[in-house]
Amino acid sequence: MTPLPAAEFEEELRAIGEQRYHHLHPFNERMHAGDLTEDEFRGWVRNRFYYQLNLPIKDAFVLTKLPGSEHRRRWIKRITDHDGTDGAEGGIERWVRLGESVGLTRADLHDDRAVLPGVRFAVDAYVAFCRDRPWLEAVASAMTELFAPDLLSRRITDVREHYPWIAPSGLEYFRTRLTQQPADIEHLLELVLTHADTREKQLACARALEFKCDVLWTLLDSVQLAFGKDA
Ligand SMILES: O=C(O)c1cc(C(=O)O)c2c(n1)C(=O)C(=O)c1cc(C(=O)O)[nH]c1-2
């Protein structure tokens, strides 16, 4: 089938984010409204850590499948952004600092038994998707990042305003992501818009993005269920 022109395909992908990205999740809306208890905030930070730990792992699976060294050279940054390098701290370490700023120790964060079952299922499904599916779909599933910068900017402002008990230094993870994300987004768009050269491939990319929105949504569902005020 003839593919949509790139601009229309991009619109189709962006529409998925507008309808299904986790910025719309009730738990997230409550975070921005200043409505989360300390326990709920900690529960989110604790469980999101499992997602953070798995990002470089899924990116390593994708790396093995990318077409050529030029793309691998650009993609490998995603791994070091999270794992760090000899000289520079990575996102996982910055997330530990976020954890510490909400009262969690490094040991709490790394305690595997504390990961909620729904969070584990969702994150493991994301890693398996990136390991098992064609690289184009695995790359498309990361395109939730297109919608992250707006959310992260709002998160920094609203968390500072509504949760004064969290030290501002804890939010460094999100500030750093705002500087890292533009290059990632550019690469994701370039790969997906160029290589989805049939309508079938475009639809597979759209489904991959929907799947990933469901991963993020399920994470918040699980946290809400376990730590929500009414839990
Ligand atoms: O805090 C967020 O709302 C949020 C969302 C997402 C996302 O949309 O998947 C990512 C991140 N943060 C993030 O920090 C990050 O490094 C990241 C990598 C990826 C990915 O799928 O490769 N998503 C995200």
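Helices here are DSSP runs of H or I with at least four residues, numbered from the N terminus. Keep in mind that this is a predicted model, where local features need pLDDT of at least 70, side-chain atom pairs count only at pLDDT 80 or more, and totals for chains, interfaces and linings use all residues. Residues are numbered from 1 along each chain as its sequence is written.

Who sits around the ligand? We have Leu55, Ala142, Thr144, Glu145, Ala148, Leu151, Leu152, Arg177 and Leu216, where near means a C-beta atom, placed from the backbone, within 6 Å. By class, that shell has 6 nonpolar, 1 polar and 2 charged residues.

Okay, over to helix 1, residues 6-20. Its 15 residues reach 21 Å from first C-alpha to last, close to the 21 Å expected at 1.5 Å a residue; the expected span is 1.5 Å times one less than the number of residues.

Which residues of helix 1 are buried? They are Phe9, Leu13, Ile16 and Gly17. Those residues are on the same side of helix 1 because they cover an arc of only 95° around the axis, taking directions from the axis to the C-beta atoms. The face turned away carries exposed residues, among them Glu8, Glu11 and Gln19. Buried means 20 or more other C-beta atoms within 10 Å of the residue's own, exposed means 12 or fewer, and partly exposed is in between, with C-beta atoms placed from the backbone.

How values were computed: Nonpolar A, V, L, I, M, F, W, Y, C, P; charged D, E, K, R; others polar. Helix = DSSP H or I, 4+ residues; strand = E, 2+ residues; numbered from the N terminus.
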